[in-house]
Amino acid sequence: MNLKTTYSEEELVYLLQQRNENAFSYLYDNYSGALLGIVNGIIPDKEIANDVLQNVFVNIWRKIASYDPSKGRLFTWMLNIARNAAIDELRSKGYRDAQKNQPIGESGEVAGAVTGPAVDDVGLKKVLGNLKSDLRVLVDMSYFQGFTHEEISRALNIPLGTVKTRIRSALLQLRTMIQT
Amino acid sequence: MNTQEYIQSGILESYVLGLASDEERREVEDMCARYPEILQSRLDFEKALEEQAFANAVQPAPNVKANMLALIANETEAPSITAKEEAPVKKMYWLRYAAAACAILLAGSVYYNIVLSDRNKALRKEYDDSVTALNNIKEDIQVLQQNNNVKMAALNGTPASPQSFTTVYWDTTSHDVYLLINNLPKPASDKQYQLWAFLDGKPVDMGLIEITDKPLQLYKCNKAQNAQGFAITLEKRGREDVSVPGGDVMVVSKL
C-alpha cells in the first residue's frame with residue numbers, strides 16, 4: 001500500500017532512478033494526461049495517440065537513468081520524449097499508409113501544413129492559431145511535424161538563417177501567449 | 001554579456017521545445033550554468049509550458065497503464081521456464097525420459113522463439129528506419145523536381161563501372177547542386193570519388209564525394225548554373241592537385 005500521495009520533483013526523480021515502481025505508477029497517474037495532450041497535438045487519432053503514450057512511458061522507464069535535472073525540468077524531458085515518439089509515429093510507414101486515404105495537397109505543399117487555425121485544435125496548437133500565418137507554418141512544420149530547419153528552408157525556399165530567426169521569434173510570441 | 005538580449009533571442013524556447021541543434025543545446029546549457037537570470041528565464045518558460053500542458057490534458061484510455069506496466073515487467077524479469085513432470089506410471093521410465101526430452105525441446109523452442117522474436121523486432125526496426133530514410137529522400141527529391149529552376153541530369157555508368165548510376169540536380173538560380181547517389185560502390189580505402197561539371201567542354205572540380213549513409217548530398221558551386229554536363233571520377237585519396245581529373249570516369253551525363 002502506498003501511503004504517500006504526493007512527491008516533490010526531486011523525490012520523484014530520485015525514486016524513479018532507483019527504479020521504484022510505486023513512483024512510476026504515481027508518475028503515470030499524474031503526468032499521462034498532460035503528455036497525451038502533447039501527443040494528441042501531433043497525432044490527432046485518439047487510438048494511435050494512446051498507443052504512442054504507452055511507448056512514451058516505456059521509454060521514460062528505460063531512459064530515466066539518463067535524465068539530468070540541470071538540463072531541464074522532469075516534465076520538459078518527458079515532453080520531448082513524447083514529442084519525439086509522436087513524430088516517429090507520424091513518419092512511420094504504418095501511419096503514412098493509414099493516412100493515404102485522406103486528401104492531401106496536390107500542389108506539392110507539405111502534407112498537413114496548417115493554413116489556418118482548426119476549430120478542434122487544443123493546447124499549444126490552439127495557441128499557434130494566434131500567430132501570423134507565415135510564422136504559424138514554420139512552427140507547425142518544425143515542432144508539430146519534426147522537419148529540420150534545413151528541410152523547411154528547402155521546402156519553402158526560404159534561407160536557412162531566416163527560417164531559424166523566424167522560428168525563434170514565433171516561439172517568443174508563443175511564450176508570451178502561454179505565460180500569463 | 002547582455003543576458004537580456006540572449007533571453008530575448010528565442011534560443012531558450014527553442015532549446016526547451018527540442019528544436020535546438022546539438023551545438024545550440026551545449027551553448028544554452030553553458031549559459032544557464034553561468035548566468036542565473038538566463039536559467040531562471042528558461043525555468044519560467046518550462047513551468048509555463050507544463051501548466052499549459054496540464055490545462056490541456058487528455059484522459060488516456062483505461063487499458064494503457066496496465067499494458068505499459070506489463071511491457072515493463074516483461075523487460076525486467078528474465079523468462080523462467082520450469083519443467084516439472086511426473087511419470088504417471090512408475091515403471092514406465094521411458095515416459096519420464098520422453099517427458100524430460102519434451103520439456104527440454106519445449107524450453108528450447110520457447111527460447112528460440114524469444115530469440116527469433118527479438119531478431120524480428122530488430123529487423124522490423126531496421127526496415128522501418130530504412131523506409132523513413134527513403135521517404136525523406138523521396139520528399140527531398142520531390143521538392144527538387146517541383147522547383148522549375150532545378151534541372152536534372154542522369155549520370156550513367158561507363159564501361160569502367162557499368163552498374164553505377166547517380167543523378168545531379170542543379171538549381172540555376174541558387175547555385176546549389178544536389179548529388180543523388182543511386183548506386184555507387186564503396187571505393188577502396190585509398191580511393192575517393194570526385195564530382196566534375198563540364199563548362200565549355202572542360203571539367204571543373206565540384207568537390208570530393210564521401211560515401212556516407214546520406215544518399216542525397218549538397219554541393220555549392222557558383223559556376224554550376226551554366227554546366228553542360230557532369231561526371232564522377234575515381235581518384236587516389238589525398239592527391240595534391242584536385243583541379244584536374246586523373247582517375248577513371250565512373251559515371252557521366254549526356255552532354
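Of the 64 residues in the largest nonpolar core, which touch the most other members? The legends below take up this question and then turn to other parts of the model.

This is a predicted model, in which local features need pLDDT of at least 70 and side-chain atom pairs count only at pLDDT 80 or more, while totals for chains, interfaces and linings use all residues. Residues are numbered from 1 along each chain as its sequence is written, and chains are lettered from A and ligands numbered from 1 in the order in which they are written.

View 1. The residues that touch the most other members of the 64-residue core are Leu35(A), Val39(A), Val56(A), Met78(A) and Ala82(A). A nonpolar core is a set of buried Ala, Val, Leu, Ile, Met, Phe, Trp, Tyr and Cys residues joined through C-beta atoms within 7 Å; a residue is buried if 20 or more other C-beta atoms lie within 10 Å of its own, exposed if 12 or fewer, and partly exposed in between, with C-beta atoms placed from the backbone. Helix H2 (residues 21-42) of chain A gives the most to this core, with 11 residues; helices (H or I, at least four residues) and strands (E, at least two) are DSSP runs, numbered from the N terminus. When residues up to four places away in sequence are not counted, Ala82(A) touches Leu35(A), Ile38(A), Val39(A) and Val56(A), where contact requires that the C-beta atoms of two residues, placed from the backbone, lie within 7 Å. A second, separate core has 24 residues, including Tyr169(B), Val177(B), Leu184(B) and Ala227(B).

**View 2. Helices H7 and H9 of chain A.** Chain A has nine helices and zero strands, and 37% of its 180 residues count as buried. Helix H7 (residues 133-144) and helix H9 (residues 160-178) of chain A pack with their axes 9 Å apart and at an angle of about 95°, which makes H7(A) roughly perpendicular to H9(A). The axes are lines fitted to C-alpha atoms, for helices over the stretch in contact, and angles run from 0 to 180 degrees between N-to-C directions; angles under 35 degrees count as roughly parallel, over 145 as roughly antiparallel, 65 to 115 as roughly perpendicular and the rest as oblique. H7(A) contributes Leu135(A), Leu138(A), Val139(A) and Ser142(A) to the contact, and H9(A) contributes Val163(A), Arg166(A), Ile167(A) and Ala170(A). By class, the residues of this contact are six nonpolar, one polar and one charged, given that Ala, Val, Leu, Ile, Met, Phe, Trp, Tyr, Cys and Pro count as nonpolar, Asp, Glu, Lys and Arg as charged, and the others, Gly among them, as polar.

**View 3. Two loop residues of chain A with a positive phi.** Most residues other than glycine have a negative phi. Arg19(A), although not a glycine, has a positive phi of about 60°, and this residue is found in the loop between helix H1 (9-17) and H2 of chain A. Arg19(A) counts as partly exposed because 13 C-beta neighbours lie inside 10 Å. Asn157(A), also not a glycine, has a positive phi of about 60° and lies in the loop between helix H8 (149-156) and H9 of chain A. With 13 other C-beta atoms within 10 Å, Asn157(A) is partly exposed.

**View 4. The side of chain B that touches chain A.** The contact between the chains takes 41 residues from chain A and 38 residues from chain B. On the chain B side, the elements that give two or more residues are helix H2 (11-16), helix H4 (36-55), helix H5 (64-76) and helix H6 (93-146) of chain B, and H4(B) gives the most, with nine residues. This side of chain B has 19 nonpolar, 12 polar and seven charged residues.

**View 5. Strand pairing around E8 of chain B.** Chain B has six helices and eight strands, and buried residues make up 22% of its 255 residues. Strand E1 (residues 150-157) and strand E8 (residues 248-253) of chain B pair in the antiparallel sense over three bridges, pairing being assigned if DSSP finds at least two bridges between two strands. Here the bridge partner of Leu155(B) in E8(B) is Ser253(B). Strand E7 (residues 229-236) of chain B also pairs with E8(B) in the antiparallel sense, over four bridges, and Ile232(B) stands opposite Val251(B) in E8(B).
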